[in-house]
Amino acid sequence: VYKRQTYNDPLHPGCTRKIVLAGGNIIVTGTDEPGGKEWKLKGKTYTEYKAVVIDFSPKGGPKEVIARWNGLGLAFDDGNVWSRKP
């Protein structure tokens, strides 16, 4: 069963983040500017911690970035929060 969720990233206005859940794995897609080239990242879910770990290395970032569900969206350790779209 696949489940899709969509988020807004305040650091990239107008650039939706889409997360597809497949079992314990996730695929995150998005762009860094409206109409820009789409990227794809992989990660894992940790439901017992209400968290995901995303590999941002394909975008030049860290291999393991933790984001925790805070009731409104995914909160990252750097203070950014992807708010869930209804």
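Okay, quick definition to start: buried means under 20% relative accessible area, exposed means over 50%, and partly exposed is in between, with a 1.4 Å probe and protein chains only. This is a predicted model, so local features need pLDDT of at least 70 and side-chain atom pairs count only at pLDDT 80 or more, while totals for chains, interfaces and linings use all residues. Residues are numbered from 1 along each chain as its sequence is written, and side-chain values use heavy atoms, with hydrogens and water left out.

Let's look at β5, residues 51–55. Strands here are DSSP E runs of at least two residues, numbered from the N terminus. Which way do the residues of β5 point? A51, V53 and D55 go one way, V52 and I54 go the other, and all are buried. With 5 of 5 residues buried, β5 is largely enclosed by the rest of the structure.

Now its neighbours. Strands count as paired if DSSP finds at least two bridges between them. β4 (residues 39–46) runs antiparallel to β5, joined by 5 bridges, and K44 has V53 as its bridge partner. That hairpin has 4 residues between the strands, and K50 takes a positive phi near 50°. β6 (residues 65–69) is antiparallel to β5 too, with 4 bridges; there, V53 partners I66.

Last stop, the largest nonpolar core: 15 residues, with I54 and L74 among those with the most contacts inside it. Such a core is a set of buried Ala, Val, Leu, Ile, Met, Phe, Trp, Tyr and Cys residues joined through side-chain atoms within 4.5 Å. β5 is one of the elements giving it two or more residues.
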